[in-house]
Structures are given as C-alpha cells and as structure tokens.
Amino acid sequence: MTVFHACLAARRAVTTALAAGATALAAFVAPGIGAAQAQSHPAVSPASAVAAPVATPLSDAAALGKLIFNDPSLSASGRMSCASCHSAAHAYGPPNGLAAQFGGPDLRTQGTRAVPTLGYVLNRTPVWTHVQAASVFERLTDADSPPAGGFTWDGRFNSLHDQALFPLFSANEMANRDPADVAAKLARAPYAGRFKQVFGETIFASKDAALRQAMMAVERYELEEPSFHPYTSKFDAYLDGKAELTASEMRGKRLFDDPNSGNCASCHIDQVGANGAHPLFTDFQFEALGVPRNPALRANRDPNYYDEGLCGPVRTDKASNKTYCGLFKTPTLRNAATRQVFFHNGRFHTLRDALRFYVERDTAPQKWYSKDARGHVVKFDDLPAAVRDNVDTVDEPLTRKAGGKPAWNARDIDDVIAFLKTLDDGYQPRPSVAGVMKVSAPARRP
Ligand code: HEC
Ligand code: HEC
C-alpha cells in the first residue's frame with residue numbers, strides 16, 4: 001500500500017518536525033559549530049555578491065580529518081581514499097559516470113550503489129525516524145508519514161563517525177580486515193605525530209580508541225570544511241536578490257514547483273526555511289520511485305538479487321517491515337546537474353534521462369522496463385513482485401496511465417534542466433547583473 005505518500009499536507013507537516021530534529025542533530029554532532037552556522041548558510045558580507053564561504057581555519061581535529069579523508073594508505077589496495085569516490089572537484093560526488101565504483105584489495109570489486117554527493121546534507125540530515133500511524137484510521141486519514149533521515153541511501157547510520165567506519169571495512173570499498181588493521185595504518189601515516197599531539201601520546205595504545213578518534217576527526221572535517229556547503233550557486237544569489245533567473249530558468253522553476261505538473265518541490269524542497277536557511281532540495285524522506293533495474297551492476301546478474309533500500313539487504317534492522325521495501329532517501333539536487341550518474345542504482349547517466357523517467361515512467365513504461373518471457377513489460381522490475389505496490393503512484397507526476405500525456409514535453413524538460421543548473425556551485429555573476437560588486441572565487445579546496 002502506498003500509505004507513506006498519500007498526502008502532501010502530511011509530508012509538509014513532517015518536514016517541519018524534521019527541521020527541529022536536524023537542529024538537535026547538528027547540536028549533537030557539531031558541538032563546536034554554532035547552531036546558527038550549522039543551520040543556515042554562511043553570512044553574506046556586504047562586499048561579496050555571492051555568499052562565499054567564510055574562511056575560518058579548521059580545528060586541529062578537522063585538519064587531521066582532512067588528511068584521513070584523503071589518505072589512500074588507509075585502504076587494502078593502498079589506492080583508495082574517501083576522496084576517490086567523494087571527489088571535492090565533483091561536489092563530493094563520484095568523479096566519473098560509473099553506476100557504482102570499484103574497490104576491494106585490487107580495485108576490481110564493484111559496489112552496489114551510486115555514490116551520493118556529500119554536499120550540503122552532512123550537517124542537516126536528521127536522525128532516522130518513522131512515526132508510524134497508530135491505527136488503520138490514522139493511516140486512512142493521512143496521519144501516517146514517511147520514514148526520514150539517517151545517512152546513506154537507506155538511512156542506516158545516524159552519525160557521520162559511525163557512517164565513516166563502513167567504507168573502511170566494506171569488501172567493495174576500502175576493504176580493511178579489522179580495527180587493528182586500520183589502527184596500524186594510522187600509526188604508520190605521515191600524520192601519526194600530529195594524531196598523537198591532538199589525541200594524546202598514548203592514543204595508539206588502544207586500536208579502538210585510535211579508530212574512534214580518527215572517525216571523529218573525519219566527522220569534524222565533513223562538518224567544518226566550508227566547501228561541503230558553499231552556497232555559491234546562481235540560485236543562492238537569486239534568493240539573496242543578487243541575480244535574476246532567465247525566462248527559461250524561471251519557467252523551469254515553475255514546472256518544478258507546480259503540484260499539478262512536476263511537483264518536484266514537494267520532496268526536493270526549494271523554499272527558504274523559517275530561519276532564513278537556503279533550501280537543500282531534499283526533505284530527507286524515503287520514497288519508492290521504482291527506478292528500473294540496472295544491468296550495469298554486477299550484483300544484478302543474480303536474478304534473485306534485489307536492492308530494496310530501507311528493508312535490506314544492506315540495511316538489516318528493518319527487513320521484516322515489507323512496507324519499507326523499495327524505499328530510498330530523497331537526495332539533494334544541489335549540483336545534481338554536474339553528476340554523471342543518477343538514482344541509488346546509477347541507472348541513468350544524464351539529467352535529461354532522469355527527468356524523462358519521472359514524466360514517462362507511467363505513460364510509456366515500455367521505454368524503461370524489461371519484458372518477461374511472454375513479452376509483457378515488467379513495471380518496477382528492480383523490486384520483487386510482492387513489494388511493487390510500495391512504489392509511489394499517488395504523487396504527481398507519477399499518477400498517469402500508459403498511453404497518457406506526460407507531465408512535461410521536451411521543451412519543459414529543457415527549462416527544468418536550465419533551472420537545475422542554477423543549483424551548481426561556483427556561479428560568477430555577469431557584470432550586468434552584479435554591477436560593481438566584487439566576487440570572490442568559491443572555495444574548492446581538495
Ligand atoms: C568505493 C567508493 C566509496 C568510498 C571509498 C567511500 N564512499 Fe562514502 N559512499 C559511497 C556510496 C556508494 C555511498 C552510499 C552507500 C549506501 O547507500 O549504502 C556512500 C555514502 C556516504 C555517506 C552518506 C551520505 C548521505 O547523504 O547519506 C557519507 C557521509 C560518506 N559516504 C562518507 C565517506 C567517508 C568519510 C569515506 C572514507 C572513510 C567514504 N565515504 C568512502 C561510496 C564510497
Ligand atoms: C515523492 C517524492 C519525490 C518527488 C515528487 C520527486 N522526487 Fe526526485 N527523488 C526522490 C527520491 C526518493 C529519489 C531517489 C530514488 C532512488 O534512487 O531510488 C529521487 C532522486 C532524484 C534525482 C537523482 C539525484 C541523484 O543524485 O541521483 C533527480 C535528478 C530527481 N530526483 C529529480 C526530480 C524531479 C525533477 C522531480 C519532479 C519531476 C522529482 N525529482 C520529484 C523523491 C522525489
């Protein structure tokens with residue numbers, strides 16, 4: 001049953017509650033960062049046209065975290081760091097168009113999911129929550145709300161330091177054997193001396209303590225480093241009254257917002273928050289969109305393998321709740337136009353195809369899905385038949401019938417792409433718009 005996405009009003013209400021949760025999380029994970037700084041974009045100085053990141057030096061722990069984030073010696077291959085997949089030059093997303101990256105001891109083991117961007121979401125992702133309806137009546141009256149929050153596509157980590165452990169030991173990523181393995185590598189790293197200065201001379205005496213502090217340092221880096229959330233897009237400048245959208249960008253925004261058209265903004269929120277925070281283009285909620293199966297993933301050679309997101313197999317604690325099967329976290333769309341791979345399984349490689357999928361999923365399913373032995377199109381073919389009902393068919397533009405009119409035509413898609421490109425960081429206002437204002441280059445430190 002599509003109980004989670006029955007009503008937009010419910011979605012909005014929950015989003016407000018989530019904003020409060022995000023504040024609590026930011027306070028928890030970022031004791032050194034003022035809540036205001038963690039929550040809203042950096043202050044705009046009168047001299048700069050675009051909100052350039054304020055250059056506060058990284059704390060000692062964060063500076064160490066940066067070295068760890070970029071250190072390939074912490075992998076079994078000796079050639080893979082966090083930055084290999086989360087590339088600073090690609091908005092901390094993948095540096096290539098691979099559906100999933102290759103890791104492991106010889107860098108030949110393919111992962112099962114596309115690399116998400118780390119931009120913008122790290123200090124704003126609320127902890128995973130799902131307040132379920134208490135009764136069937138509540139469910140029918142839309143009091144139920146979708147699950148939301150947590151890190152990764154299935155929300156299985158509530159803190160960045162816990163999340164960071166996963167790639168270190170994952171067989172298709174950095175593939176270390178155990179904590180002792182990583183602690184030994186840290187003790188041999190060129191920054192081992194600094195590590196002792198910051199965390200104590202005896203830190204390497206306990207492998208668990210060393211690993212824990214290393215992960216806390218990575219978390220500090222992810223939260224403090226301004227280039228994770230620079231707010232230097234044209235859209236940010238537009239929100240600050242410092243840039244104008246072109247007719248095409250503006251038309252794209254209207255199509256993106258319109259509840260009877262794209263309806264994109266109901267999940268990819270583009271409104272300024274009550275506290276003035278610029279929008280992140282996600283509500284952090286989980287939805288099943290029924291993205292087609294991706295034959296480029298090696299895991300999919302097994303016809304019985306399905307990545308069902310929230311209900312497993314990567315996440316294990318919610319496997320018994322079948323209403324969770326197929327649900328993935330809504331990603332931010334900031335810098336999405338720079339990506340070469342889209343959705344959790346990396347099925348699409350251009351923004352245009354990703355958008356065409358949304359508006360033609362139901363009107364022309366034969367374009368997207370495989371056929372069974374009898375030649376019938378298998379809609380939602382990347383989920384087991386028993387849970388295909390979880391896929392959203394109630395939110396526009398996902399409500400149409402085969403042969404019907406898609407919500408957008410080719411020109412509409414062009415305009416929405418033009419709008420989404422305004423979310424790319426590093427916007428340089430043209431002199432005619434910026435007038436005499438000076439623009440500082442956006443910080444893009446590695
Ligand atoms: C081999 C590629 C690869 C490497 C190396 C890698 N990651 Fe990731 N990262 C991913 C993928 C894929 C996901 C999504 C995982 C999932 O949904 O299960 C992800 C997800 C994340 C997320 C969650 C983002 C969100 O919005 O939910 C964070 C944070 C993160 N990685 C940080 C790190 C850190 C820190 C390191 C180094 C210790 C690292 N990653 C190393 C591929 C990688
Ligand atoms: C009901 C909520 C919802 C609506 C409405 C919605 N999205 Fe999404 N969006 C999601 C979720 C959830 C995902 C991830 C799904 C997955 O990977 O399985 C996603 C993923 C995407 C991605 C891929 C981003 C990436 O980094 O891989 C793009 C692009 C996107 N949406 C654009 C749009 C556009 C444009 C619209 C309007 C036509 C729209 N979305 C409407 C929830 C929604």
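Student: Which residues of H3 meet which residues of H9?

Tutor: Happy to start there, keeping in mind that this is a predicted model. On the H3 side they are Ala61, Ala62, Leu64, Gly65, Lys66, Ile68 and Phe69. They meet Ala214, Met216, Ala217, Val218, Glu219, Arg220, Tyr221 and Glu224 of H9.

Student: How many residues of each class are in the contact of H3 with H9?

Tutor: There are 10 nonpolar, one polar and four charged residues. Gly65 is in the contact, and Gly counts as polar.

Student: Why are H7 and H9 also called roughly perpendicular to each other?

Tutor: Helix H7 (residues 179–188) and helix H9 (residues 207–224) pack at an angle of about 70°, with their axes 9 Å apart. The cut-off for the term runs from 65 to 115 degrees, and the pair is therefore roughly perpendicular.

Student: Which residues make that contact, and how do they divide by class?

Tutor: H7 gives Pro179, Ala180, Val182, Ala183 and Leu186, while H9 gives Lys207, Asp208, Ala210, Leu211 and Ala214. They divide into eight nonpolar, no polar and two charged. Lys207 and Asp208 belong to this contact, and Lys and Asp count as charged.

Student: Now the ligands. Which residues come nearest to ligand 1?

Tutor: Of the 27 residues around ligand 1, the nearest are Cys82, Cys85, Thr152, Trp153 and Pro167. Helix H4 (82–85) and helix H6 (160–169) are the elements that give two or more residues to this shell. H6 has the largest share, with five residues.

Student: What is the make-up of the shell around ligand 1 by class?

Tutor: It has 17 nonpolar, seven polar and three charged residues.

Student: And which residues are closest to ligand 2?

Tutor: Gly262, Cys264, Cys267, Phe343 and His344 are the closest of the 27 residues that surround ligand 2. Helix H12 (residues 351–360) supplies the largest share of that shell, four residues. By class, the shell around ligand 2 divides into 16 nonpolar, seven polar and four charged.

Student: To finish, what percentage of the chain counts as buried?

Tutor: Of its 446 residues, 46% do; the cut-off is 20 or more other C-beta atoms within 10 Å of a residue's own. The chain's secondary structure comes to 14 helices and four strands.

How values were computed: Residues are numbered from 1 along each chain as its sequence is written. Chains are lettered from A and ligands numbered from 1 in the order in which they are written. This is a predicted model: local features need pLDDT of at least 70, side-chain atom pairs count only at pLDDT 80 or more; totals for chains, interfaces and linings use all residues. A residue is near a molecule or strand if its C-beta atom, placed from the backbone, lies within 6 Å of it. Axes are lines fitted to C-alpha atoms, for helices over the stretch in contact, and angles run from 0 to 180 degrees between N-to-C directions. Angles under 35 degrees count as roughly parallel, over 145 as roughly antiparallel, 65 to 115 as roughly perpendicular and the rest as oblique. Two residues are in contact if their C-beta atoms, placed from the backbone, lie within 7 Å. A residue is buried if 20 or more other C-beta atoms lie within 10 Å of its own, exposed if 12 or fewer, and partly exposed in between; C-beta atoms are placed from the backbone.
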